[in-house]
Amino acid sequence: MFKKILIANRGEIACRVIKTARKMGIATVAIYSDADRNALHVKMADEAVHIGPPPASESYIVIDKVMDAIKQTGAEAVHPGYGFLSENPKFAEALEKAGVAFIGPPKGAIEAMGDKITSKKIAQEAKVSTVPGYMGLIADADEAVKISNEIGYPVMIKASAGGGGKGMRIAWSDEEAREGFQSSKNEAANSFGDDRIFIEKFVTQPRHIEIQVLCDQHGNGVFLHERECSIQRRNQKVVEEAPSPFLDAKTRKAMGEQSLALAHAVGYASAGTVEFIVDGNKNFYFLEMNTRLQVEHPVTELITGVDLVEQMIRVAAGEKLKIKQSDLKIGGWAIENRLYAEDPYRNFLPSIGRLTRYRPPVEVAAGPMLEAGTWHDDAPTGETGVRNDTGVYEGGEISMYYDPMIAKLCTWGPDRGAAIESMRVALDSFEVEGIGHNLPFVAAVMDHPKFISGDMTTAFIEEEYPDGFDGVELDHSSLRRIAASAAAMHRVAEIRRTRVSGRMDNHERKVGEDWVVSLQGQDHVVKIAADREGSTVAFDDGASLRVASDWTPGDQLAKLDVDGTPLVLKVGKISGGFRIRNRGADIKVHVRTPRQAELATLMPEKLPPDTSKMLLCPMPGLIVSVNVSEGDEVQEGQALCTVEAMKMENILRAEKKGVVSKINAGPGDSLAVDDVIMEFE
């Protein structure tokens, strides 16, 4: 077995690999750019080597710099994680020449399967059903439009070397095909150093289901069941689960066997993933094979008890698989939510900055997680499990140079319902401040009827949130529970305030019992009867709720019991009440005396400033191009400029017809959120 491995990656996946290596008694080497000098993966590794400036193109994906780090440290093997050099055959070849083991598949398999055009041809030769498309290289935008018309709209424009949603666009018209081709080509060149593009038919209403395979160097292989990855935004997965709520045993077996056959056809050895599009009749079509560890691999580990990173290391060291197909049962259910530094209230645009508060929920081991024993040696055990794979810490900074993922929050339960409920509580308990993030959105998804039923497709987000995400309107029952909790917490805060002021002797008598709780446009008139065990909050219609908690003023997380049911609230102080976040809702809750509530109705409403005649930068980023000039008349939907942030190009369009009066920024300018790019008459 190896004594020392280098992780050619960063962030949460580098930390993930280090944890398994540590369990196996293997020393680790981290590499880092200037931006990652104080990163968590650097702190966790036994050694760390600096490899260059922040842009990945000048550090993490420069093969010579990684090879120098290997020579400096004497690492015997390299784990590439995902992204960066993980599917680069030139990197695998360089390692082979240097006598360093690659903890991944053979170079030939990477070349065959890592290139989407080649992989589709091989799949067709192996009689695997594939989606109709143009398999050749496309020279320019005119040819892209011609091919798109031949296939028939809608089409998917994809980078041949792409992954993670980079270099991928859906086009419904000639104009979108032309724009999408150029943007995909640019993103592919920037992210992968390979701007080849291909086009295929976009299958509407599909499910995205993938099969995890694991093969050794001796011809042995198994499939570790499937992952449902249908909830995607901009073709990037957001929520994954294992198993799929849609597949039956027959389809699962067929997909698994087909995936293994494809892996064996290219001499695959390591962990890999075969991705399929599955229609409503359970017909499945080969999409691509990822010759690396997947971002969503934890859910497979949680239902099988298999540490995939450990198996990859053992395969790379030449060991035979000890796992047989008959050993791989489906143990319970697992769900993963990806926590991104993206603001859901700004159409999920990237957000960067410092994590002023970062408190993940406590990890808990349960079910097959206990068998793997990789991440939870010191964690408590429970009936349901919680796992958080992360690469950041409180006080750390989210950089504009890399993928915006902060963490992968996973839960396990004996069945799907238990896993979902565990995830709801874990999300409510996850404290993140300082940046925009998508926690409210994924919390809303966990309560969405379509997700709960398992009836979702890759169009879930665009269909259910066509106008973007504006938060959640909680139902009457949930609002009552929050109103009662806020009233009880306000009473505790008032007692603390009067004690600190020193103005009273009998605080129980001085703090009133009658309050009006205002939230989400509703007023709740309540009366509080408190005792040593908690408070009974009576509403004016005769209903009452019993609230118990050990919350104290200043705590930003409140764990309460409301009529015997747990309730977790993120709590912030505002004038006259609280900012409460729960289940995707972000609510201002005011708790007032009856007289204060009466006066509050007389206060004028504060109106936001008028920015309707301005194009504001929706995220910190770099202006790539400006498509209009001063004096131009623009139409609704017309492309105005392109902003690049976190390796993604974002085209900003006109919301209505108008005339450009002033342009304040040009190509190459770096802008902050809400900087004015241009103004209109």
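At what angle do helix α3 (residues 63-73) and helix α4 (residues 89-98) pack, and how far apart are their axes? Keep that pair for the second stop, and start with the whole chain. The model on screen is predicted.

**Whole chain**

Colour by burial next: 57% of the 681 residues are buried. If you draw contacts between residues at least 6 apart in sequence, 64% of them join residues at least 24 apart.

**Helices α3 and α4**

Select residues 63-73 for α3 and residues 89-98 for α4. The two helices pack at an angle of about 30 degrees, and their axes lie 11 Å apart. Angles under 35 degrees count as roughly parallel, so α3 is roughly parallel to α4. The crossing of this pair is right-handed.

Now show side chains at the contact. From α3, pick I63, V66, M67 and I70; they meet K90, F91, A94, L95 and A98 of α4. By class, this contact has eight nonpolar residues, no polar ones and one charged residue. The spacing of the picked positions can be read along each helix: an α-helix has 3.6 residues a turn, so residues three or four places apart point the same way.

**Helix α10**

Move to residues 297-304, which form α10. Is this helix mostly covered or mostly open? It is mostly covered, with eight of its eight residues buried. To check them in the viewer, select H297, P298, V299, T300, E301, L302, I303 and T304.

**Helices α13 and α14**

For the last stop, select residues 416-429 (α13) and residues 439-446 (α14). Their axes come within 10 Å and cross at roughly 155 degrees. Angles over 145 degrees count as roughly antiparallel, so α13 is roughly antiparallel to α14. The crossing of α13 and α14 is left-handed.

Which residues make the contact? On α13 they are I420, M423, R424 and L427, and on α14 they are L439, V442, A443 and M446. Seven residues of this contact are nonpolar, none is polar and one is charged.

Methods: Residues numbered from 1 in each chain as written. Predicted model: local features only at pLDDT ≥ 70, side-chain atom pairs only at ≥ 80, totals over all residues. Heavy atoms only, no water. Buried < 20%, exposed > 50% of the residue type's maximum accessible area, 1.4 Å probe, protein only. Helix = DSSP H or I, 4+ residues; strand = E, 2+ residues; numbered from the N terminus. Axes fitted to C-alpha atoms, helices over the stretch in contact; angles between N-to-C directions. Parallel < 35°, antiparallel > 145°, perpendicular 65-115°, else oblique. Left-handed = near helix turned anticlockwise from the far one by under 90°. Contact = heavy atoms within 4.5 Å. Nonpolar A, V, L, I, M, F, W, Y, C, P; charged D, E, K, R; others polar.
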